[in-house]
Amino acid sequence: MTISKSTKDTIDELGVGVESECGKLDIVIMHRPGRELLRLTEDTLDHVLYDALPNIDQTHQSHDIFSQYLRQHGVHVLYLTDLLLETLTASAEARKHLIDGLIAHSHLNQPDQQQALSTLRQWLLDRTPEQLAQDVIVGVSCSPDELGTSDHARELLKTKHLNHHYVIQPLPNLLFTRDGFSIMEKNVFIWQMNKPARRNEPFLIQIIFQYHPCLSTSGLKLVEWRASKDHNNNDNDMPTIEGGDVAYIGNGVVMIGCSERTNRAGIEAVARTGLFHQVIAINIPPNRCYMHLDTVLSSVGKHAFTLHGSLGNNGSIHIRKER
């Protein structure tokens, strides 16, 4: 598979980078939800962070209306699945990185399941780029229909530790593409998700930005924001941030919601990168009805935001100046 002309031409023509939350949108990365939504059951809703079973036909209709509206207004839509397939087809290193990550995040990654884990790695190594791109998004159930009849598949089917229905978990939240990463100026932040059900999402997005033939050479820089440790803080909290809590105002000023999904350790780590001269942290009540900063606060212009009324009474703002 060659890189689609539209992907290369779009990036070459319009360039990359985000100067602020407001202004003209030229390019957007989206995910059209697919068969991963059909994996949901009443029993798994809570684990995958859904309140109810979605109607996939209605979801497709809503997505197609929205994406078409964007195109009609001059926005170029790039699909995450296309970018992932282009990446895996072009780069053997990307395929290796993807498989390493799937193994590291697997529920089989337990001391007493190392043989099964090794078998899963061998099964993944036999997959084509097209199959891998589907596997990581749609998931792979522990069944002959999906694992196949190879020797590695038969070994996996014998594995006793399969209380989980899937050898690779599906990603039904991938349609919320913004949560996995943010681009601010030319810097790409791959976020660390708070919930285990979403931890493979930023991982596959990182692979795209690191190895895609166009994006990896576009001038964008992956930021190792988690590497900036606070040696004066004994708090062992894992830093977590989701992109729905991040709003780049521009000119080195970023606003981040401290919420159910984004913690103080994550915000402090971003501040320590030295890439921003001002970090504005907004405390959001840690409950599901608020969820993310972009649920309650939206930029509608250079100097204007809409605000969920109750946040004015329940939220608090902290400003940290870095330089």
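**Close-up views of a predicted model**

A search of the whole structure, which is a predicted model, finds five aromatic pairs.

**Figure 1. Phe 181 and Phe 209 form a tilted aromatic pair.** The ring centres of Phe 181 and Phe 209 are 5.3 Å apart, and the angle between the planes is 50°. Phe 181 belongs to strand β5 and Phe 209 to helix α9, so the pair ties together parts that are 28 residues apart in sequence. Phe 181 and Phe 209 are both buried. Phe 181 also takes part in strand pairing, with Ile 190 as its bridge partner in β6. Elsewhere, one aromatic cluster is formed by Phe 189, Trp 191, Trp 225, Tyr 248 and Phe 276.

**Figure 2. Strands β5, β6 and β7 form an open sheet with mixed pairing.** The order of the three strands is β5-β6-β7. The edges are taken by β5 (181-184) and β7 (221-222), each with a single partner strand, so one side of each has no neighbour in the sheet. Strands of a sheet pair through backbone hydrogen bonds, either parallel or antiparallel. Between β5 and β6 the pairing is antiparallel, over four bridges. Between β6 (residues 187-190) and β7 the sense is parallel, over two bridges. Asn 187 has Lys 221 in β7 as its bridge partner, and Val 188 stands opposite Leu 222 in β7. Helix α9 (residues 200-211) lies across β5, β6 and β7 and runs at about 155° to β6.

**Figure 3. The side chains of β6 point to either side of the strand.** In a regular strand the side chains alternate between the two faces of the sheet. In β6, Asn 187 and Phe 189 point one way, while Val 188 and Ile 190 point the other way. All of these residues are buried. Phe 189 is also one of the residues of the aromatic cluster with Trp 191, Trp 225, Tyr 248 and Phe 276.

**Figure 4. β5 and β6 form a hairpin with two residues between them.** Glu 185 is located in the loop between β5 and β6. Phi of Glu 185 is near 55°, a positive value in a residue other than glycine. Most residues other than glycine have a negative phi. With a relative accessible area of 33%, Glu 185 is partly exposed.

**Figure 5. Met 291 has a positive phi, near 60°.** Met 291, a residue other than glycine, is found in the loop between β10 (278-283) and α11 (293-296). The relative accessibility of Met 291 is 16%, and Met 291 therefore counts as buried, the cut-off being under 20%.

**Figure 6. Leu 171 is a buried residue in the loop between β4 and β5.** Strand β4 covers residues 166-168. The relative accessibility of Leu 171 is 2%. Leaving aside residues up to four places away in sequence, Leu 171 touches Glu 36, Val 136, Ile 137, Ala 197, Asn 200, Glu 201 and Leu 204. Leu 171 and Glu 201 are 30 residues apart in sequence, and their C-alpha atoms are 7.1 Å apart in space.

**Figure 7. Asp 135 is a buried residue of helix α6.** Helix α6 covers residues 129-138. Asp 135 counts as buried because its relative accessibility is 4%. Its contacts, not counting residues up to four places away in sequence, are with Trp 123, Leu 124, Arg 127, Val 140 and Ile 168.

**Figure 8. Helices α3 and α4 are roughly perpendicular to each other.** Two packed helices are described by the angle between their axes and the distance between the axes. The axes of α3 (residues 80-90) and α4 (residues 92-104) come within 5 Å and cross at roughly 110°. Residues of this contact divide into five nonpolar, two polar and one charged. From α3, the residues in the contact are Thr 87, Leu 88, Thr 89 and Ala 90. They meet Ala 92, Ala 94, Arg 95 and Leu 98 in α4.

Methods. Residues numbered from 1 in each chain as written. Predicted model: local features only at pLDDT ≥ 70, side-chain atom pairs only at ≥ 80, totals over all residues. Heavy atoms only, no water. Axes fitted to C-alpha atoms, helices over the stretch in contact; angles between N-to-C directions. Parallel < 35°, antiparallel > 145°, perpendicular 65-115°, else oblique. Contact = heavy atoms within 4.5 Å. Nonpolar A, V, L, I, M, F, W, Y, C, P; charged D, E, K, R; others polar. Buried < 20%, exposed > 50% of the residue type's maximum accessible area, 1.4 Å probe, protein only. Pairing = 2+ DSSP bridges. Phe/Tyr/Trp six-rings, centres within 6.5 Å; stacked < 30°, edge-to-face > 60°.
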